[in-house]
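The report below goes from single positions to the chain as a whole. Please keep the sequence and the model in view while reading.

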Amino acid sequence: MIEFAPTEYDLLCVATGETFEDSGWMLDCPTCEKPSLIRAQYAKKELEVYDDAGLYKYRDWLPMKRMLHCNATHATYKSDRLARALGLDNLYITFNGYFPEKGATMTTCSFKETEAYSVCARTDANNDKVMVVASAGNTARAFAKVCSENNIKLLLAVPEDNLDALWFDAPLNDCVKLISCAKGGDYFDAIHLSNMVLKSPMFYPEGGAKNIARRDGMGTTVLSAVTTIGRIPDYYFQAVGSGTGAIAAWEANMRLIEDGRYGSNLMRLMVSQNAPFLPMYDAWRADSRELFPYDENKARRDVEIIDAKVLSNRKPPYGIAGGLYDALKATNGDVLQATNLQAHKAARLFLETEGIDIHPAPAVALATLIKEIQAGNIDRKATIMLNITGGGEARYKADKEIFYLKPSLVFPLSSNADDVAAKVEELFK
């Protein structure tokens, strides 16, 4: 561990405005009676970007207790060929993945590394409990990498149908364990499985969207873009599963306005889902803070259809105070949708123009940008940030031996909570 003075900040309850100290692994306001996110309020209001090679260059706006070894970072650059193909004057791409020619060095090829390095830096080095992370794939890969490298105990819960996402360029440290819900299960089932494990005091939840470190880690994508461009963009395009990245973008935007050097505008959050899995799209179109009921069997069928499996969260932080609904309202944003075919075409265009492969999720985001341009809804001179949330995987894997993490236990979708907790405890004894 590198010598480091912990970041100074306090916490704010979005619902009540109450401020309080972070007395530990706090995920909620201790006095608030309604569902609400909490936010970090950093002592340093003006962003300083340090000379570090990795994501900790933004450490003044990350809730860090310790600094781990980290060379991973994203890269923002002004697009030439893709922008020209789309007829845009100011398209900026923030590439999260492996694109060394542009300076992007995330070897899991996903922006989930922004979360993992930040969350793990918030952990107490003396904590002997096991962190639990439920994931549809990319998040698990990122946390596995960071925890393996830093000997942090981790339990992953991932659907058995998504295990092909758990690839690595080297075998993992034994401190990382994996359990799965049986075939036919989805991300929601993985969350349910992880919640059963958390009945044991041996484990603690990473926290998902409620974890300030996860959101502020994701917010570094906006810090990269704004410090590169020199101003806050007009539009922010990203595909969403939970919407946490877009919430993080909004929060980073507000901090940058308070900084005062990059403008005073709020980016319009243009977030997208992969049809036919459209719970947030449907709710937003009806101007509903609450998601509509989603038949369990239909939801699973829709997840099977979509290529961007990471966008399949059935219980996202949408209506919660400070969640995606509030972020969209505050920024005059919108929820868009694209089919697999539209995303395939977008991915092919990106490869042809930018010279690198991208994941299905950012292909969905690009597809919706293309549709908005074609519909005449975007000013072609506007400054646009396109968050490519994963890419370069084909490039990275091309000359490497790849290892896959296998589950230690696979549980039926109808498992008993006490039985699950007891069996998983044994993995760490």
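A residue is called buried when its relative accessible area is under 20%, exposed when it is over 50%, and partly exposed in between, with a 1.4 Å probe and protein chains only as cover. By that rule Thr 331 is buried, because its relative accessible area is 4%. This is a predicted model, in which local features need pLDDT of at least 70 and side-chain atom pairs count only at pLDDT 80 or more, while totals for chains, interfaces and linings use all residues. Residues are numbered from 1 along each chain as its sequence is written, and side-chain values rest on heavy atoms, with hydrogens and water left out.

Helices (H or I, at least four residues) and strands (E, at least two) are DSSP runs numbered from the N terminus. Thr 331 belongs to helix H10, which covers residues 324–331. A polar contact is a pair of N or O atoms within 3.5 Å; within protein, one must be able to donate a hydrogen and the other to accept it, and residues adjacent in sequence count only if both atoms are side-chain atoms. The side chain of Thr 331 reaches the backbone oxygen of Ala 327 at 2.9 Å. With contact taken as heavy atoms within 4.5 Å, and leaving aside residues up to four places away in sequence, Thr 331 touches Trp 250, Leu 266, Met 267, Arg 268 and Leu 269.

The helix as a whole is mostly covered, since six of the eight residues of H10 are buried; these are Leu 324, Tyr 325, Asp 326, Ala 327, Leu 328 and Thr 331. The buried residues of H10 pack against helix H7 (244–259), strand S14 (268–274), helix H8 (279–285) and strand S15 (334–338). Just after H10, Asn 332 takes a positive phi of about 55°.

**Loop positions**

Lys 44 lies in the loop between strand S3 (38–42) and strand S4 (75–78). Apart from residues up to four places away in sequence, Lys 44 touches Tyr 50, Asp 60 and Trp 61, and the side chains of Lys 44 and Asp 60 make a polar contact at 2.9 Å. In the loop between S14 and H8, Pro 276 is joined to Ala 275 by a cis peptide bond with omega of about 15°. Phi is near 55°, a positive value in a residue other than glycine, at Asn 151 and likewise at Asp 287.

| Residue | Relative accessibility | Class |
|---|---|---|
| Lys 44 | 35% | partly exposed |
| Asn 151 | 56% | exposed |
| Asp 287 | 44% | partly exposed |

Asn 151 sits between helix H3 (138–150) and strand S9 (154–159), whereas Asp 287 sits between H8 and helix H9 (296–305).

**The whole protein**

The secondary structure comes to 14 helices and 18 strands, and 60% of the 429 residues count as buried. Along its principal axes, the C-alpha trace spans about 60 × 45 × 45 Å. Among contacts with a separation of 6 or more, 73% are between residues 24 or more positions apart.
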